[in-house]
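Please keep the structure open beside them as you go.

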Amino acid sequence: MHADDFRRDNYGVVSGLRDGGYSDDMTLAAIAGAHKRLITSPPVAVFPHPLASDLSFSRYWNYLRKQTFVLESYISRVNWLMNRGLFSFHCYLSWGFVAPYFMAAVHIATALQIYIKGYSYEETTCTTSGLLLASCLAICTLTELLSMWNLTRIEVQLCNMLSPEAPKLSLDYYNWSLIFVALLVDNFLYPISAFRSHFSQSINWSGIRYHLKNGKINKIERNRGRGPKFTDLGGKHLYGKKGAPPKASFLSSLARSLCQWHQPKKYEV
């Protein structure tokens, strides 16, 4: 960014953020696109963002809500159309990613049931085409995870080269089975979060709730310290002590959230 663009409010980069702007990157990207300005990312501006050790489902859900909520803010008609397109396209791709795995699970469960009961395929109306598609899906999944591993390996090497004084990053800490599960969970929940953001038009940021109207912030509510301290997923101490036990596991937090789902909230978080 050029400093003069902010000093002179060129193209409305200051007023677009000041007058009800919510997302700085989405707002500036819309302004740059409308005025044919170049957007670039320096290749040296890469740094690791480790996950926190005390993650909970509510914290993850709030993070996902913030990712989808940005599509509800806009500064122009063109920006609104672009965000609606991203909204629809991402929801379609997310559930389009999850649906084949659901269908493959049904095919495999059916085949196992036939095998356990001692039937042969000739005695049933089932065909082996479903299992063939499930095998193709497994090959595609392995190819996808291999590509992710290679990309992550390059990024880890780049971070180590750019920050030689920092502790070395390693791929040994990656659990690719959990990453695959995270892909399924995240893509399944994304459309739900997107619709939730669309109909609520409000979001909580560390105890501060922002309300949108016509794509702009029109109301801010503060919970006076009653809200969560952190609502992102990042660890707050990048080079802190390693091996510290987490306060609560993600699965236990999810189970606790489901058990308490029916209970009324004392205040909005």
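1. A polar contact is a pair of N or O atoms within 3.5 Å; within protein, one atom must be able to donate a hydrogen and the other to accept it, and residues adjacent in sequence count only if both atoms are side-chain atoms. At the start of α7, a side-chain oxygen of N175 comes to within 3.2 Å of the backbone nitrogen of S177.

2. Please bear in mind that this is a predicted model, in which local features need pLDDT of at least 70 and side-chain atom pairs count only at pLDDT 80 or more, while totals for chains, interfaces and linings use all residues. Residues are numbered from 1 along each chain as its sequence is written, and side-chain values use heavy atoms, with hydrogens and water left out.

3. Helices here are DSSP runs (H or I, at least four residues), numbered from the N terminus, and the expected span of a helix is 1.5 Å times one less than its number of residues. Helix α7, residues 176-200, has 25 residues and reaches 34 Å from its first C-alpha to its last, close to the expected 36 Å. Helix α5 has 40 residues and reaches 59 Å, close to the 58 Å expected.

4. Where does α7 bend? The bend at a residue is the angle between axes fitted to the seven residues ending there and the seven starting there, and α7 bends by about 30° at Y190, with a proline, P191, following within four residues. Just after α7, Q201 takes a positive phi of about 55°, and just after α5, G118 takes one of about 80°.

5. A residue is called buried when its relative accessible area is under 20% (1.4 Å probe, protein chains only). The buried residues of α7 include W176, F180, Y190 and P191, and what covers the buried residues of this helix includes α4 (57-69), α5 (77-116) and α6 (129-162). Among the buried residues of α5 are N79, F87, C91 and Y101, and their cover includes α3 (24-34), α6 and α7.

6. Taking contact as heavy atoms within 4.5 Å, R84 touches L71, E72 and H198, not counting residues up to four places away in sequence.

7. A disulfide is a pair of cysteine sulfur atoms within 2.5 Å, and by this rule the count comes to 0 disulfides. C140 is in no disulfide, since the nearest cysteine sulfur, that of C136, is 6.8 Å away.

Definitions and conventions: Helices (H or I, at least four residues) and strands (E, at least two) are DSSP runs, numbered from the N terminus. Buried means under 20% relative accessible area, exposed over 50%, partly exposed in between (1.4 Å probe, protein chains only).
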